[in-house]
Amino acid sequence: MSTGNARGVLLLSHVGFSFMEDLVGTVAARGLECYVLSSLPEPQHQRSRPAALADLATDVHVTAGHVLTPRDVEEHLDRLRATGADVRCCLTVWEGYRHLMALANARLGVPDLDEKQVLELRDKLTLRNRLADAGLSRGRASALTPETLAERRSDGGRHFVKPVSGIASFGTFRLTADTTWADLERIAAEARSDTVYSSVFTTRPGPGTTGQDPLSDPATSPETYRDPERYTDQGVTPGVEFLVEDYVQGREFSFEVVVVDGEPHVVAVHEKCEVTETADTVLEDACVSPPTSLSRDETAAGMRWVGDVLDVLDLAWGCFHVEARHSASGWDLIEVNPRVGGSLISPSVAALTGGPGLLDLWLDSLLTARRPTGFRTELKRLSYTADGSPQGRHATFFRVFFADPGTIREVGLNDDLPLPPVLSHILLKPGDVVPRSAREVFLGQVLWSMERADREEILPGLVPASERAIEIVYEKEHG
């Protein structure tokens, strides 16, 4: 490990993963050292993953538990300081550690969200009702119990179910007349049994929550697959609590926002042009940016609405992936994520700007937070203007692929496409066994970039062709 006032960035890794290769590359490109603090990997990765991280970073420390704690972070900062390291900031893309990142940045004197704000954002029940009280959401939410489940199933309205404190789309689905309490018990058991994800599904006592787990059956469904692209609170009561909320109408979008000293900058807007709602989850299949179905005025209205949401929540610093829906009634919230978006959101931003991705911008916002003037000027140059216009000349389209249950025999990228992709990831390999799961099992993802002026000509052929960009064959199951 380097000493003598070496400058670097502390990266928090969950079980050895959490975009570490991308994070290390982003930090190293700025001439800074990387200090990785990771929780203990799963058994199958405990030999290989720390060694891989050691090849990437200046310093790697792996804890004895599968979940990082505030004490782990504080003790590691003390350790780094004792060696003479000059830690400029802390960064993580694992949402379950976002409050620990806030803790570290507070210790380092770096402007950021505070821990309480992060935990409040992850309490989706309280957040929904807080925004409804402020006139920024037309829906409301309630804790899901056997009683509220029966009421909502029979009231004739449209409702949505999600974990109060969850991640990605695990356990999020539209409520139907066929939804039973046993369905929720099954999903909760699967969440608790997952080494990687279980700590993210804890609930925090607060308004509208009990802090108790209404679904307390023992875990019964071991899970072996993790989403490596997406993301424990300490001092909380373990458990999985669900909410039921009024269904949000409209087409789905995400705003990629960097906030510096109270000033939000919308770097990109992605339209989720294909969304599949299954019995247990919501699969976000494909995104295009800039949006194709929004007018400039509608985009501008969305940006003003996002600004109002951030203002009400007093979110003056940070990077946010704000998911929303737009209908004839206006804009409404899905959720506010205090991090970069998952999947190919950050590379898509890089293709749109012709330079920095969202991860770059988030890191730079932290490194310059004490003196943000120059960075803010550059950020403004890259972001949408107040009238809803993007400033770049590029457009992007990406598709995410999900695996079906079964054993994979063959998988690969299709090279017979109308436009070559600029980036592709295939996350599974022949021989992998995909289990049945209450959350998505990622197969891969592919990103295309084009001139915005050519998009109307390219997209009609690319969108249907992209469905076969990754080709997969499963083994025949024998009864």
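User: Is F255 buried or exposed, and what is its relative accessible area?

Analyst: This is a predicted model, in which local features need pLDDT of at least 70, side-chain atom pairs count only at pLDDT 80 or more, and totals for chains, interfaces and linings use all residues. Residues are numbered from 1 along each chain as its sequence is written, and side-chain values use heavy atoms, with hydrogens and water left out. Buried means under 20% relative accessible area, exposed over 50%, and partly exposed in between, with a 1.4 Å probe and protein chains only. F255 therefore counts as buried, its relative accessible area being 0%.

User: How many aromatic pairs does a search of the whole structure find, and which kind do F255 and W331 form?

Analyst: Rings of Phe, Tyr and Trp (its six-membered ring) pair if their centres lie within 6.5 Å, and planes under 30 degrees apart count as stacked, over 60 as edge-to-face and the rest as tilted. The search of the whole structure finds six aromatic pairs. For F255 and W331 the centres are 5.2 Å apart and the planes are at 70 degrees, a pair that is edge-to-face.

User: How many residues apart in sequence are the parts that the pair of F255 and W331 ties together?

Analyst: Helices (H or I, at least four residues) and strands (E, at least two) are DSSP runs, numbered from the N terminus. F255 lies in strand β9 (residues 251–260) and W331 in strand β13 (residues 330–337), so the parts tied together by this pair are separated in sequence by 76 residues.

User: Which kind of aromatic pair do W305 and W331 form, and which residues do ring pairs link into a cluster?

Analyst: W331 is buried at a relative accessible area of 7%, and W305 is buried at 8%. With 6.4 Å centre to centre and 25 degrees between the planes, W305 and W331 form a pair that is stacked. W305 lies in helix α9 (residues 296–312) and W331 in strand β13, so this pair ties together parts that are 26 residues apart in sequence. The cluster linked by ring pairs consists of F253, F255, W305 and W331.

User: Where is S39 found, and which residue has a backbone oxygen 3.0 Å from a polar atom of its side chain?

Analyst: S39 is found in the loop between β2 (33–38) and α2 (48–56), and at 0% relative accessibility S39 counts as buried. A polar contact is a pair of N or O atoms within 3.5 Å; within protein, one must be able to donate a hydrogen and the other to accept it, and residues adjacent in sequence count only if both atoms are side-chain atoms. The backbone oxygen lying 3.0 Å from a polar atom of the S39 side chain belongs to H66.

User: What is the phi of V15, and what is the omega of the bond that joins S289 and P290?

Analyst: Most residues other than glycine have a negative phi, and most peptide bonds are trans. V15, in the loop between β1 (7–13) and α1 (20–28), is not a glycine and yet has a positive phi of about 45 degrees. P290 has its place in the loop between β11 (282–289) and α9. The peptide bond that joins S289 and P290 is cis, with an omega of about -5 degrees.
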